[in-house]
Amino acid sequence: MYCVEFPTELHRGLGSVAARDCSFKKEAQYKAYLYLDEAHSIEADPSDYNVMVGTFTKSFGAAGGYTAGNKDLVDFLRTHSHSSVYVTSMSPPVAKQIVRAMKCTMGQDGRIVDYIDGEGDWSPWSICSVTCGNGNQKRTRSCGYACTATESRTCDMPSCPGIEDTFRTAATEVGLLAGTDDFNATELFGVDTDSCERWMNCKSEFLKKYMLKVSNDLPSCPCTYPTEVAYNTADIYDHGMGTDFRWKDASGPKEKLEIYKPTARYCIRSMLTLVSTTLAVQHCCYDDSMKLITRGKGAGAPNLISTEFSADLHYKVDILPWIICKGDWSRYNEVRPPNNGQKCVENPLEEDYYKQFQEAREF
């Protein structure tokens, strides 16, 4: 094995590739493994070496170090080396600092950075991400080996036609979905009337038009639970609509899935966009295997009023009907059919679905 330690004098700051020396020729000449101790930087090309070791205490500003090589080597070291067996693991704050330093070096930390000693010129600004409303632009430049700096700025385009009118009209007329100003929820529980039947038969021209817009506006439910939304909102491409839609998790305690979506383990909800023509969002629920529930008591259904717009109206329009139907999802889903626009496998299976249907009617 031929060992190389690059002295500090070879390095002139992060982002430049260290000069090659005769060690590469000796490696080939003697058929030796090339072992690099990169003690002062993070500049070498890993493809040139069989084994690399380095420190996290200098360029990374953290603690500890690393050994890099092929999988067989790394697996052997993990199971046989003294440090892996007897030394404590790296603390989470130190590991976080190392990851952050790597992202900063590679220009992937999302900051607007102007590198004084950058190597390349800025590219032209990209076109605005939207054709109307508020968007953003980006530009990039090289900041050294394996490093790309990214800069972003906002761009204000002319207001989207009809957006203000759409939301103003929806906000005004949405009372038709929840009832008039003298709407009294307790009246729906009268002994002499079937409250759910009254709700199912409640029709209006506005509601018909609104439901048509909803069906054309909303994305389809993904066939499996998108794990990227578990901790943050995420953009998911909808092939049917040909665009991205932003989704967020809807499985928290406030959702009360055990009551409103029994058998569902996870749920997600789409978010309003600038091109939305309604205040509705898609609602999708998944079982323990993260498969879309396409029917039955655990299936999600479109929310006619997004919680982003009004939690109170969402309750009146989307939650209260479930309550007045006393959890009879079979009737609720007649009016609000679950979405399966991607033709996912029917879930639950026919036998389980039939049992749920019988239970709902008997209850």
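This report describes strands, helices, ring pairs and charged side chains in a predicted model.

## Basis

The model is predicted, so local features need pLDDT of at least 70 and side-chain atom pairs pLDDT 80 or more, while totals for chains, interfaces and linings use all residues. Residues are numbered from 1 along each chain as its sequence is written, and side-chain values use heavy atoms, without hydrogens or water.

Helices (H or I, at least four residues) and strands (E, at least two) are DSSP runs, numbered from the N terminus. Strand β2 covers residues 34–38. Its covered face holds Leu-34, Leu-36 and Glu-38, and its uncovered face Tyr-35 and Asp-37. β2 pairs with strand β3 (residues 51–55) in the parallel sense, over four bridges; strands pair if DSSP finds at least two bridges between them. In this pairing Tyr-35 is opposite Val-51 of β3.

Helix α2 (residues 71–80) is hardly covered, with one buried residue among its 10. Buried means under 20% relative accessible area, exposed over 50%, and partly exposed in between (1.4 Å probe, protein chains only). A salt bridge is a side-chain nitrogen of Lys or Arg within 4 Å of a carboxyl oxygen of Asp or Glu. Lys-71 is exposed at 62%, and Asp-75 is partly exposed at 30%.

## Rings around Trp-329

Aromatic pairs join rings of Phe, Tyr and Trp (its six-membered ring) with centres within 6.5 Å; planes under 30 degrees apart are stacked, over 60 edge-to-face, and the rest tilted. The count comes to six such pairs. Trp-329 and Tyr-353 make a tilted pair, 5.7 Å between centres and 50 degrees between planes. Because Trp-329 belongs to helix α11 (residues 329–335) and Tyr-353 to helix α12 (residues 350–362), this pair ties together parts 24 residues apart in sequence.

Trp-329 is buried at 4% relative accessible area. Trp-329 also pairs edge-to-face with Phe-357, at 6.3 Å and 70 degrees. Phe-357 is in α12, so this pair ties together parts 28 residues apart in sequence. Phe-357 is partly exposed at 28%, as is Tyr-353 at 21%.

The charged end of Arg-295 sits over the ring of Tyr-353, 4.6 Å from its centre. The rule asks for NZ of Lys or CZ of Arg within 6 Å of the ring centre and within 35 degrees of the ring normal. Arg-295, buried at 16%, also forms a salt bridge with Glu-346, the closest N and O atoms being 3.9 Å apart. Glu-346 lies in the loop between α11 and α12 and Arg-295 in the loop between β10 (283–286) and α10 (311–324), so the pair ties together parts 51 residues apart in sequence.

Arg-336 is placed in the loop between α11 and α12 and is buried at 5% relative accessibility. Its side chain makes a polar contact of 3.0 Å with that of Asp-318. A polar contact is a pair of N or O atoms within 3.5 Å; within protein, one must be able to donate a hydrogen and the other to accept it, and residues adjacent in sequence count only if both atoms are side-chain atoms.
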